[in-house]
Amino acid sequence: PLFAPILAGFIDEYPDIELEIFADDALSDLTAGGFDAGVRMGEMLEADMIAVRLSGPFRFVIAGTPDYFARFGKPQTIAELAQHRCIRLRLASSGMMPWTFQVGNREEEIQISGPVIVNDFAAMMMAMRTGAALGMIAEPIIKHELAEGTLELALDDFAASSAGLFLYYPSRKQVMPKLRALIDYARDHLPPDLRS
């Protein structure tokens with residue numbers, strides 16, 4: 001969802017290129033998996049990888065429906081989440097994803113509890129939109145819901161930031177023309193202040 005605008009435009013501009021998208025929360029070995037490139041959050045990669053920015057920095061926010069907040073109140077502190085229904089995200093590679101908060105000048109991860117466990121963001125969005133529970137999600141994914149008022153933020157002052165989304169590929173590998181086309185398209189379609 002975070003790089004959907006680049007993806008849609010790329011497919012329109014290059015209809016003859018077949019683009020396989022394989023979603024996996026593990027830090028996969030590109031070569032072993034037979035992939036030309038991968039997408040990760042943050043710029044920190046292995047030394048032999050090249051990173052190309054796909055998005056600007058963004059925050060991870062806590063969101064819920066107005067109905068949820070009317071029924072259960074809006075948490076004012078991180079500790080109050082223990083009394084709330086929270087959506088947990090199960091990662092195939094490492095169990096439950098912790099919720100990350102910015103507390104002062106440091107990030108703090110906490111394991112939350114809650115009645116809803118999902119393994120992808122589409123299921124998380126469904127649970128959030130129905131008012132079943134609160135979710136932690138990348139803010140750009142819910143920008144339309146926030147603008148429309150169908151979702152609202154909680155604990156906004158504690159939202160943790162990410163460096164953004166990056167395409168990465170091995171520096172030692174010959175860049176195939178189809179990958180070069182994607183890299184160039186991504187660079188050309190970022191806002192000017194994000195281009196490297």
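The following questions and answers walk through a predicted model.

Student: What kind of model is this, and at which pLDDT do local features count?
Tutor: Residues are numbered from 1 along each chain as its sequence is written, and side-chain values use heavy atoms, with hydrogens and water left out. The model is predicted, so totals for chains, interfaces and linings use all residues, side-chain atom pairs count only at pLDDT 80 or more, and local features need a pLDDT of at least 70.

Student: In which order do the strands of the open sheet lie?
Tutor: Helices (H or I, at least four residues) and strands (E, at least two) are DSSP runs numbered from the N terminus, and two strands pair if DSSP finds at least two bridges between them. Here 3 strands form an open sheet with antiparallel pairing, and its edge strands, S1 (38-41) and S2 (49-53), each pair on one side only. The order is S1-S12-S2.

Student: How many of the residues of S12 are buried?
Tutor: A residue is buried under 20% relative accessible area, exposed over 50% and partly exposed in between, using a 1.4 Å probe and protein chains only. Both faces of S12 are covered, with Leu165, Leu167 and Tyr169 on one side and Phe166, Tyr168 and Pro170 on the other. The count of buried residues in S12 is 6 of 6.

Student: At what angle do the axes of H1 and H6 cross?
Tutor: Axes are lines fitted to C-alpha atoms, for helices over the stretch in contact, and angles run from 0 to 180 degrees between N-to-C directions. The axes of H1 (residues 4-13) and H6 (residues 177-188) come within 10 Å of each other. Angles under 35 degrees count as roughly parallel, over 145 as roughly antiparallel, 65 to 115 as roughly perpendicular and the rest as oblique, and H1 and H6 are therefore oblique to each other. Their axes cross at roughly 125°.

Student: Which residues of H1 meet H6?
Tutor: Contact means heavy atoms within 4.5 Å, and on the H6 side the residues that meet H1 are Lys178, Ala181, Leu182, Tyr185 and Ala186. The buried residues of H1, which are Ile6, Leu7, Gly9 and Phe10, pack against H6. The residues of H1 that meet those of H6 are Ile6, Gly9, Phe10 and Glu13.

Student: At what angle does H6 run to S12?
Tutor: Besides its contact with H1, H6 lies across two strands of the sheet, S2 and S12. The angle of H6 to S12 is about 150°.

Student: What is the phi of leucine 155?
Tutor: Leucine 155 lies in the loop between S10 (152-154) and S11 (160-162), and at 9% relative accessibility this residue counts as buried. Although leucine 155 is not a glycine, its phi is positive, at about 55°.

Student: Is histidine 84 buried or exposed?
Tutor: Histidine 84 lies in the loop between H3 (66-72) and S4 (87-91). Not counting residues up to four places away in sequence, it touches Tyr68, Phe72, Gly73, Lys74, Pro75, Ser113 and Leu134. With a relative accessible area of 11%, histidine 84 is buried.
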